[in-house]
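Have a look at the sequence and the structure first.

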Amino acid sequence: MTVAGILRAAAAAALLLAGSAAGPLAHASGPALDAARAGPCVEDPKLMRRSHPDFLKHGRDDTVRKGIRGIRHSLAACVDCHASRADGRVLGSERHFCQGCHDYAAVKVDCFDCHASTARPAATAAAPATGGAR
Amino acid sequence: MNPVDQRRRDFLGKAAVAAGAMIAPGVILYDYAHAKQGAEPVSGKVRWGMLIDTTKCASGCRECVDACNRENGLPGSTRPTDSQWIRKVDLKDLKSGKAVSLPVMCQHCAEPPCVDVCPTGASFKREDGIVLVDRHTCIGCRYCMMACPYKARSFVHEPTTGQKPDVPRGKGCVESCTLCVHKVDRGGTPSCVEACAAAGHGAIVFGDLNDPASEISKRVRAATTTQLRADLRTDNGVRYQGL
Amino acid sequence: MEPTSASSRRAFWALLAAGGALVAVALGAAHYMEVHGHAVTGMNNQVVWGLPHVFAIFLIVAASGALNVASIGSVFGEAAYKPHSPLSVLLTVALLAGGLMVLVLDLGRPERLVVAATHYNFRSIFAWNMILYNGLFAICALYLWALLERRLGGYAKPVGLAAFAWRIILTTGTGSIFGFLVARQAYASGVIAPLFIALSLAWGLAAFHLAQCGLARLAGREPMDAELHARVRRLLAIFVIAALYFVAVHHLTNLYWAKQAAFERFILVTGAPYPALFWGGFVVAGSAVPLVLLLHPGFAGPRATAAASLLVSLGALAFLYVFIIGGQAFPLEIFPGYEVASAFHDGQVDGYAPSLPEFLLGLGGIAAAFVIALAGARALPVLPPDTVAVAAAK
C-alpha cells in the first residue's frame with residue numbers, strides 16, 4: 001500500500017467513525033436512504049450500524065442449525081421493515097437501505113446472492129402507510 | 001492460603017451468586033416469551049419422516065413436484081443443470097412388467113453419506129432428523145452429490161433470482177429437499193404432502209417416526225414398507241409402501 | 001539451473017512466458033465459470049465432477065509420485081539417485097500446487113476457501129486431504145532446505161522418511177475420496193487406495209523424467225548419466241506394470257460380482273467413449289507401448305524413455321477421464337430389478353461433453369506446475385552437477 005493509500009484509508013475510517021457517532025451533522029454527509037417503516041428497530045440504531053453482521057450471523061446459525069424461528073435478529077425481518085415503500089426492496093439503487101449504506105461504506109453485501117431482497121407480502125400489507133417518522 | 005486470597009475468593013463467590021440472581025428472572029422471562037412453536041431448538045425426541053404409498057401414487061401426476069417448485073421458488077425446468085428437489089420416477093419390473101410410480105427426494109437418512117463426506121460440515125443433520133445444507137458454509141465442492149445414493153441433491157449452476165424469503169438459494173451451492181423445514185418448524189406440513197392430499201391421492205403421510213401414536217408410525221407398523229438402498233443401512237426417514 | 005548461452009536464456013524466458021500465459025488464460029476461464037455458474041461447463045447434476053477434476057487429480061497423484069527419486073535417495077539410501085533429490089522435491093511442490101489450483105478454482109464458491117480452512121468435518125476424507133496437502137507443502141519445504149543446505153545435510157534422511165510416509169498416506173487419502181463412496185458402482189472399493197499409490201509411482205516418475213530431461217536440455221547438459229538412466233527406465237516399467245495390476249484387480253473383482261456386471265459392460269465394452277479411452281488410451285497407448293519402449297533393448301536412449309513418460313502421462317489422463325467421468329455417467333442403481341425413467345436422468349447414461357473453459361482451467365493447472373518447476377529450477381540449485389563434467393573429471 002502506498003502512503004497516499006494509507007492516508008485515504010485513514011480519512012475514510014475517520015469519516016465512518018464520524019458518521020456513526022456525530023448524529024445529525026453526520027447525516028448530511030451520510031447516505032440518503034428511503035425511510036424505514038414505522039416503529040423502532042430491534043436494537044439501538046447505533047449498535048445496529050456497527051454490529052448487525054454479528055447479530056445476523058448468530059441468528060442464522062440458530063435458525064439453520066437449530067430450527068429456531070422468529071428470532072429477534074432475522075434477515076427477513078430486517079428486509080420487511082427496511083424495504084423501500086416504492087418497490088418493496090432493500091437493493092436496487094443508492095436510496096435503497098442495504099445497498100445505499102453498503103455502497104457508501106464500500107463493503108460488499110452478499111446476503112442477497114441467496115436471500116430474497118424483497119419484503120414478504122404480509123409485511124407490506126401490514127405496514128402502516130404513515131411510516132418513516134419514529 | 002493468605003487472608004487476602006480468602007477475601008478475594010469470598011467476594012468472587014458472592015458476586016457470582018448476585019449475578020445469577022439478577023440474570024435468572026430474565027432467563028425465565030425469555031423462556032416464557034419464546035415458548036411457542038419454532039422458538040425452541042429442535043430436539044432429538046422427534047424424527048420426522050414420510051411414508052409414500054406407491055399404490056396411491058398416480059403415474060403422470062406431478063402435483064407434488066409442482067408444489068415443491070412453487071413453495072421453494074425453484075424454476076421447475078428440467079435441463080441437466082436445473083435443480084430438482086423432488087422428481088417423479090416411473091418403474092417397470094424387468095421380470096413381471098409391473099409398473100410403479102413414485103416420488104423420490106432426499107431420504108433424510110439417519111446415517112447420511114452426504115454429511116459424512118462434507119469437508120466443512122455444511123451438509124448436516126438436525127436433531128430431528130432433517131438433513132440440510134447450510135449454504136453459509138457450503139463451498140460448492142459437490143462431494144455430497146457424489147456420495148448421495150439417491151441422486152437427491154442438485155447444484156445451483158446459474159445465478160438465481162426470485163428467491164422465497166423462507167427459502168434462500170444461490171449459485172455455487174448444493175441444495176436438496178428440506179422437508180419444507182420452514183413450515184415444519186412452525187407446525188406445518190411439507191408442501192408435497194399437502195398437494196398430494198389436495199389432489200385426492202393422499203399417497204404421502206408426514207409425521208414423527210418416534211411417536212408411536214402418530215399416523216405414520218401406525219402405518220409403518222401395520223404395512224410392509226421398504227427403504228431405498230436398504231443394503232446401505234442409511235436408515236432413511238422416507239419409507240415406501242407397495243414397492 | 002543457469003542457462004549457459006544467450007539462446008538458452010531466451011528459451012527459458014519464452015517458456016516461462018508461455019506457461020504464465022496459459023495460467024492467465026486458466027484464471028480467466030475460472031472467472032468466467034464463476035460469474036456465469038457451472039452451467040457454462042459440461043458438468044451437471046449427474047456428472048458433478050468433470051474435466052477440471054481429471055486434471056487436478058492427475059496432478060495431485062503425480063505430485064506424490066514425483067517424490068520417488070528423493071525417497072529412493074534419502075530413505076532407501078541409493079546414492080546414485082541423491083543428486084536428483086532436490087528436483088524431485090521441487091516437482092512435488094509444483095505439481096501439487098497446480099492440482100490444488102484447479103481443484104479450488106472449480107469450487108462453486110472458491111471465495112469461501114477460508115471457510116474450508118476454518119471448518120473441518122473430521123469424518124470427511126476431503127477435510128483430511130486438505131490437511132495432508134498442506135502438510136506435504138510444509139514437509140517438502142523442509143526437505144528441500146535440508147537437501148540444499150549442506151549444514152543441514154544430516155536432516156535429509158529423517159525429513160525424507162517423514163515425506164515418504166506422508167505422501168503414502170496422502171495418496172491413500174486421494175484414492176479414498178473415491179474408495180469411500182459407498183453408493184457408487186464405479187468406486188466403493190478399498191483397492192482404489194493402493195491402486196492410486198501404484199498410479200502415483202508411475203505418473204510421478206514419468207513427470208520427473210520429463211522435467212529432468214527438459215531442464216537439462218535447457219541448461220545444455222546431458223539428461224542424466226547412463227547408468228542411472230537405465231535404472232530409472234527399468235523402475236518406470238515396474239511401476240507401470242504395478243498400476244496395470246491394480247487396475248486389473250479392480251475390474252476383475254467387479255466382473256465377478258453379478259451386481260456390477262452392467263457397469264463393467266458399460267465402462268469396458270459398450271459405453272462410448274469410455275471403452276475406447278480405457279483400452280486405447282490407458283491400456284495400449286498409456287501402458288503397453290511405454291512398456292515396449294522401456295523394456296526393449298532397442299529403445300535404450302533417454303529420448304525413448306521421455307516418449308514413454310509422455311505416453312504414461314497421457315494414458316493417465318485417459319484413465320482418469322474414464323474413472324471419474326465414466327464412473328458418474330453410468331446411472332446410479334437405486335431400484336435394482338426395475339426399468340427406470342424420470343425427468344432427472346434416472347436410469348439414463350449422461351452425455352457429458354466438456355466445455356472450453358473447463359479444459360482451459362485444467363490445462364492451466366499443468367501450466368502452473370510447469371511455471372513453478374521452471375522458475376524454481378532457475379532460482380534454486382536443484383539440478384545435479386553437470387554429469388558430463390563429472391564424467392570427464394573421472
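What is the mean pLDDT of chain B, and what share of its residues reach 70 or more? The mean is 90, and 85% of the residues of chain B get to 70 or more; pLDDT is the predictor's confidence in each residue, on a scale from 0 to 100.

## Ground rules

This is a predicted model, so local features need pLDDT of at least 70 and side-chain atom pairs count only at pLDDT 80 or more, while totals for chains, interfaces and linings use all residues. Residues are numbered from 1 along each chain as its sequence is written, and chains are lettered from A and ligands numbered from 1 in the order in which they are written.

## Chain B in outline

Chain B has seven helices and 10 strands. Helices (H or I, at least four residues) and strands (E, at least two) are DSSP runs, numbered from the N terminus. Of the 243 residues in chain B, 47% are buried. Buried here means 20 or more other C-beta atoms within 10 Å of the residue's own, exposed means 12 or fewer, and partly exposed is in between, with C-beta atoms placed from the backbone.

Two residues are in contact if their C-beta atoms, placed from the backbone, lie within 7 Å. Among the contacts in chain B with a separation of 6 or more, 61% link residues 24 or more positions apart. One stretch to treat separately is residues 27-35 of chain B, where pLDDT stays under 50 and the model has two contacts beyond four places in sequence.

## A sheet inside chain B

Chain B has an open sheet of four strands in the order S8-S1-S10-S9, with mixed pairing; strands pair if DSSP finds at least two bridges between them. Strands S8 (204-208) and S9 (225-226) of chain B are at the edges with a single partner strand each, so one side of each has no neighbour in the sheet.

Strand S1 (residues 48-53) and strand S10 (residues 238-241) of chain B pair in the parallel sense, over four bridges. In this pairing, B:Leu51 stands opposite B:Arg239 in S10(B).

Another open sheet takes strands from two chains: its three strands run S3(B)-S2(B)-S1(C), with antiparallel pairing. Strand S3 (99-105) of chain B and strand S1 (338-342) of chain C are the edge strands, each pairing on one side only. From one strand to the next, the twist averages 30°.

Strand S2 (residues 86-93) of chain B is joined to S1(C) by five bridges, and the two run antiparallel. Across that pairing, B:Lys92 stands opposite C:Glu339, and B:Val89 stands opposite C:Ser342. Helix H2 (residues 63-72) of chain B lies across S2 and S3 of chain B, at about 160° to S2(B). Axes are lines fitted to C-alpha atoms, for helices over the stretch in contact, and angles run from 0 to 180 degrees between N-to-C directions.

## Chain contacts

Ala, Val, Leu, Ile, Met, Phe, Trp, Tyr, Cys and Pro count as nonpolar, Asp, Glu, Lys and Arg as charged, and the others, Gly among them, as polar.

In chain C, the axes of helix H10 (residues 261-270) and helix H11 (residues 274-295) come within 6 Å and cross at roughly 65°. C:Ile267, C:Leu268 and C:Val269 in H10(C) meet C:Tyr274, C:Pro275 and C:Phe278 in H11(C). By class, this contact has six nonpolar, no polar and no charged residues.

C:Pro273 sits in the loop between H10 and H11 of chain C. The peptide bond from C:Ala272 to C:Pro273 is cis, with omega near 5°.

## Two positive phi angles

A:Ala106 has a positive phi of about 55° although it is not a glycine, and B:His108, also not a glycine, has a positive phi of about 45°. A:Ala106 is in the loop between helix H5 (97-105) and helix H6 (121-126) of chain A, while B:His108 is in the loop between S3 and helix H3 (113-117) of chain B.

Which of these is buried, and which is exposed? A:Ala106 counts as exposed because it has 8 C-beta neighbours inside 10 Å, whereas B:His108 counts as buried because it has 27.
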